[in-house]
Amino acid sequence: MDSHNRAEQIAELKALRQHYRRMEQGDGDGDQIFEFLGPKVPEATAENPTRMVINNERNDLCVTVTLPSTYPSSSPPIFEV
């Protein structure tokens, strides 16, 4: 994995965690909105990329996001609803 891609992925994951942590604390219902599935970015490979789940129970929507090892330089994230 390109070190520039790795640094960008880490920064984006930190921002997402902080954003969703604030949402989880703000709504007061204790539901987990953001779940990091792993592996950690430095340990990710093309065969085992970094994954996360974003869950919005109000809309009954759950999205798994996969970050390919070539994201963001040459591949977009993969979304599975």
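Predicted model: local features only at pLDDT ≥ 70, side-chain atom pairs only at ≥ 80, totals over all residues.
Let me start with the hairpin of S2 and S3, where four residues lie between the strands and Asp60 takes a positive phi near 50°. Residues are numbered from 1 along each chain as its sequence is written, and side-chain values use heavy atoms, with hydrogens and water left out.

When I say strand or helix, I mean DSSP runs numbered from the N terminus, with at least two residues (E) for a strand and at least four (H or I) for a helix. Strands count as paired if DSSP finds at least two bridges between them.

With that in hand, S2 (residues 50–56) and S3 (residues 61–67) pair in the antiparallel sense over seven bridges. Along this pairing, Thr50 has Leu67 as its bridge partner, Arg51 has Thr66, and Asn55 stands opposite Cys62.

What is the order of the strands in the sheet? It is an open sheet of four strands, S1-S2-S3-S4, with antiparallel pairing. The edge strands are S1 and S4 (78–80), each of which pairs on one side only. The twist averages 20° from one strand to the next, where axes are lines fitted to C-alpha atoms, for helices over the stretch in contact, and angles run from 0 to 180 degrees between N-to-C directions.

S3 itself is mostly covered, since five of its seven residues are buried, buried being under 20% relative accessible area, exposed over 50%, and partly exposed in between, with a 1.4 Å probe and protein chains only.

Now to the helix and the aromatic side chains. The structure holds one aromatic pair, Tyr20 with Phe34, whose ring centres are 5.9 Å apart and whose planes are at 10°, so the pair is stacked. For the criteria, rings of Phe, Tyr and Trp (its six-membered ring) pair if their centres lie within 6.5 Å, and planes under 30 degrees apart count as stacked, over 60 as edge-to-face, and the rest as tilted. Because Tyr20 lies in helix H1 (residues 3–27) and Phe34 in strand S1 (residues 34–38), the pair ties together parts that are 14 residues apart in sequence. Tyr20, at 14% relative accessibility, counts as buried, and so does Phe34, at 8%.

Which ring does the charged end of Arg17 sit over? That ring belongs to Phe36, and the distance to its centre is 4.7 Å; the rule is that NZ of Lys or CZ of Arg must be within 6 Å of the ring centre and within 35 degrees of the ring normal.

Finally, Asp2 lies in the segment before H1 and is partly exposed, with a relative accessible area of 42%. Its C-alpha atom is separated by 13 Å from that of Leu67, 65 residues apart along the chain.
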